Amino acid sequence: MENSSLWDKWVEEALSKLEALKVLRSLRPIYLSPNDRHHRVRNPGHVGEDYEVFDEMQHWDRNAVQISISDSTFQRWLHDVPSSGDENEIICGDGLANDKTITFARQFKRLLLFSGNDYLGLSSHPTIAKAAARAAQEHGMGPRGSALICGYTNYHRLLESCLADLKKKEDCLLCPTGFAANMAVIVAVGNIASLLAGDEKSFKDEKIAIFSDALNHASIIDGIRIAERTKMVEVFVYKHCDMSHLKTLLSCCTMRKKVVVTDSLFSMDGDFAPMVELVKLRRQYGFLLVLDDAHGTFVCGKNGGGVAEQFNCERDVDICVGTLSKAAGCQGGFIACSKSWKKFIQSRGRSFIFSTAIPIPIAAAAHAAVIVSNKETWRRRAIWNHVQYFHALTGIPITSPIISLIVGNEEKALQASRHLLKSGFHATAIRPPTVPANSCRLRITLTAVHTQDDIKKLTIALSSCVNFQDIVSHNSNVYAKL
């Protein structure tokens, strides 16, 4: 029996156990009818007057990368003074101005943002803002409760259907964050073994082996730690993107139920998981492939379907986790999967079950973002043109909009970050525990709404604090074998 059929069988068996125990949970969408008789919720993919799109960059797009910080924040950052964000007294609410707020407003430093994850620049898109505003005017924030109680509405269902289509999956489950989505998947996978272990003899037979890339996101790692506490999960960490090591671990593993989980595009290194090799190993060893496509969704692939679309292996990914807080410019996470997996995760994924559903205006905005992303294809083209341009200017071999410039120890990274700050760029130093000691770096991200002039000015500033040749050498020496 093929791996996919085996996992389908195991999930169905686990669902039957949940049903017998009367703990199978259901989603019952609340229908919110529009107050305005002229307004209706549109079908996914339908673009009319409610979803205006554009075929080139507009002036408001620049709001996604042109930011300001107060002089006080600027000075504290420049001198590495710890801050909890309380250095400025900001008066808001009634709009009243006095001498203090006027003085404060004149003490801003304007910066170009090169450290965010708003890859398409959709956070400032008026069509998405209008969708959120209209939903808020119609329904406020919507029912406040977990999705299983009262927080799940027709707005959430519409978004799920749209995302399932994007990911070429049967269904989709919305979560409050991408972190919660990864946690829900991994914890639910661990529960499969617990449910199917009928007696002490079968206890060992039902254990699940989870194989995790060494540089997977913290949400995957935390989910694995919780799953391990069931005593039904055994974890194997393979070297970053090292398929030889993964194959060795798989070949030595006698457990039938195997899961491989990996980021698709690694957030701190900017490299892709070796999808072609992973698919070959999946077919050989019959594991469940779980992909965290947080940084690839809407960015990669012709239609923005993500890294699996880019590598033409969407059918080989069993469960795809994504986020709406990066390239979608909104908030939330999702799990694209089969209907059976959705039923199981919504019944056993604790971070989904015990979290309040995302507010209706956010669901409406995210739905608009999916449509805008699909229609405004120039945004994806712009990102990949910028990747090529950065490489041409620096010679650094990059493969994605995430550029990891490893400089060494913390002080070197902080010095480089301060130099960029003084030059007018927002690019923070990434230090332990986010990355290992002595691999501190500048993490630069390119977006669709940067210009070539922005990138050229950035590379000039970088050349004063980073030796591009050292970066090229470091990449070839350290990562060529991975």
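Guide: Strand β12 is joined by 2 bridges to strand β13, residues 440-445, and the two run antiparallel. This is a predicted model. One of the residue pairings here is Ala429 with its bridge partner Leu442 in β13. The two strands belong to an open sheet of 3 strands in the order β10-β13-β12, with antiparallel pairing.

Now to the charged side chains. Side chains of opposite charge can pair when their charged atoms come close. The structure holds 20 salt bridges. Among them is the one between Asp454 and Arg62, whose closest N and O atoms are 2.6 Å apart. Asp454 sits in helix α18 (residues 452-463), while Arg62 is in the loop between α1 (3-20) and β1 (66-70), so this pair ties together parts that are 392 residues apart in sequence. Buried means under 20% relative accessible area. Asp454 has a relative accessibility of 5% and therefore counts as buried. Arg62, at 14% relative accessibility, counts as buried too.

Another salt bridge is formed by Asp316 and Arg282, with the closest N and O atoms 3.6 Å apart. This pair also links distant parts of the chain: Asp316 lies in the loop between α12 (307-310) and β8 (319-323), Arg282 lies in helix α11 (residues 275-285), and they are 34 residues apart. Asp316 has 10% relative accessibility, so this residue counts as buried. For Arg282 the relative accessibility is 10%, and Arg282 therefore counts as buried.

A further pair is Glu411 and Arg418, which form a salt bridge with closest N and O atoms 2.9 Å apart. Here the two residues fall into separate accessibility classes: Glu411, at 39% relative accessibility, counts as partly exposed, whereas Arg418 has a relative accessible area of 18% and is buried.

Salt bridges also link several residues into a network, made up of Arg157, Glu160, Asp171, Lys339 and Lys342.

Technical notes
Residues numbered from 1 in each chain as written. Predicted model: local features only at pLDDT ≥ 70, side-chain atom pairs only at ≥ 80, totals over all residues. Heavy atoms only, no water. Pairing = 2+ DSSP bridges. Helix = DSSP H or I, 4+ residues; strand = E, 2+ residues; numbered from the N terminus. Salt bridge = Lys/Arg side-chain N within 4 Å of Asp/Glu carboxyl O. Buried < 20%, exposed > 50% of the residue type's maximum accessible area, 1.4 Å probe, protein only.
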